[in-house]
Amino acid sequence: MIKSEKPDIFRAERTPLKVTLLVFSGSSIMCVASAVDPLRAANRISGETLFDFKLVSVTGEAPVTTCGLPVAVSGRFDANEATDVLVVVAGFGTQNYATSALLSALRRAARAARACGGVEAGTWLVARAGLLEGRSATTHWEDMEDFSSAFPGIDVRPDRYVIDGPVFTSGGASPTFDLMLHLIRTRLGMAVALDVASVFIYDQARAATDAQPLVSLGRLDGYDPRLAQAIRLMESHVDQPLTIEAVARRAGVTARTLESIFRKSIGETPGAYYLRLRLGAARRLVVDTRIAMADIAGRTGFSSAAAFSRAFSRAFGEAPVRLRRG
């Protein structure tokens with residue numbers, strides 16, 4: 001720990017921790033729940049309010065999550081109000097919220113708090129406030145490359161969550177649940193953390209440093225391990241696609257066997273699935289970024305912008321340029 005930094009919140013301590021969650025419209029409701037509900041359950045199990053949490057928004061009005069459900073908040077975010085931990089939860093549209101006034105308020109609140117962090121796209125706001133400079137961090141896997149380009153002074157890692165001194169970041173809903181369980185475990189002990197996990201019938205099967213997968217298969221229970229291996233190969237070669245024969249060979253099966261596995265488990269051929277995976281990645285870049293179409297084509301393994309546009313149009317019913325305009 002750097003000498004000037006505040007004591008780590010991730011340590012054995014039963015002193016109540018005051019947690020402020022700043023939630024933005026466009027957040028995933030699962031991210032909000034993953035950040036709040038483990039703390040609520042820990043309070044109930046321990047019989048004490050050891051996590052004194054509250055939800056706020058910039059305006060004081062209920063932020064609307066991506067599924068359309070509003071989140072009840074207790075009021076407007078006040079950077080001068082004392083808190084131990086500030087958690088920024090955001091999703092789509094974060095670029096619209098990064099005003100100089102908000103970033104200044106985040107810096108002021110973070111300086112007074114013991115710790116601060118970003119959940120999913122909340123990491124972008126924490127980074128724009130300058131709170132991650134020179135530190136390690138993560139964000140959602142869809143944004144990893146753009147985040148790295150935007151913040152060259154941050155050591156961006158593909159981990160599920162990252163804790164670096166008084167700052168923590170999480171890649172999404174499930175990693176946030178893992179992070180909160182880690183906070184509970186380090187502060188209150190393994191028994192309480194296990195009880196909290198049991199409340200949600202949650203089986204933490206991954207470590208913080210496990211890479212975020214493009215295709216989440218959970219614990220892979222019930223899946224043919226060769227299917228999982230093939231999908232992992234595909235997702236790690238989106239920009240330079242492997243042949244199906246190469247995928248099969250690396251998975252230790254013949255191309256015919258791989259096709260049989262895919263048809264039985266997913267209902268389509270490996271080639272069709274691989275193309276759909278690449279086009280899904282392309283669609284996210286078309287909708288959520290301003291990256292040039294030729295660059296998106298290159299990032300998702302198409303030989304030209306024209307070939308990309310044709311495949312995209314067949315899959316989604318309209319050209320990528322038109323979808324972006326719409």
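**A tour of a surface patch and aromatic pairs**

Begin by selecting Met30, which is placed in helix H1 (residues 29-46); helices (H or I, at least four residues) and strands (E, at least two) are DSSP runs, numbered from the N terminus. The model is predicted, so local features need pLDDT of at least 70 and side-chain atom pairs count only at pLDDT 80 or more, while totals for chains, interfaces and linings use all residues. Residues are numbered from 1 along each chain as its sequence is written, and side-chain values use heavy atoms, with hydrogens and water left out.

Met30 counts as exposed because its relative accessibility is 57%, where exposed means over 50%, buried under 20% and partly exposed in between (1.4 Å probe, protein chains only).

Next, select Trp124 and Phe151, which form an edge-to-face aromatic pair, 5.7 Å centre to centre with 65 degrees between the planes. Rings of Phe, Tyr and Trp (its six-membered ring) pair if their centres lie within 6.5 Å, and planes under 30 degrees apart count as stacked, over 60 as edge-to-face and the rest as tilted. Trp124 lies in helix H3 (residues 122-128) and Phe151 in the loop between helix H4 (144-150) and strand E6 (155-156), so the pair ties together parts that are 27 residues apart in sequence. Both Trp124 and Phe151 are buried.

Finally, select Phe302, Phe308, Phe312 and Phe316, which ring pairs link into a cluster.
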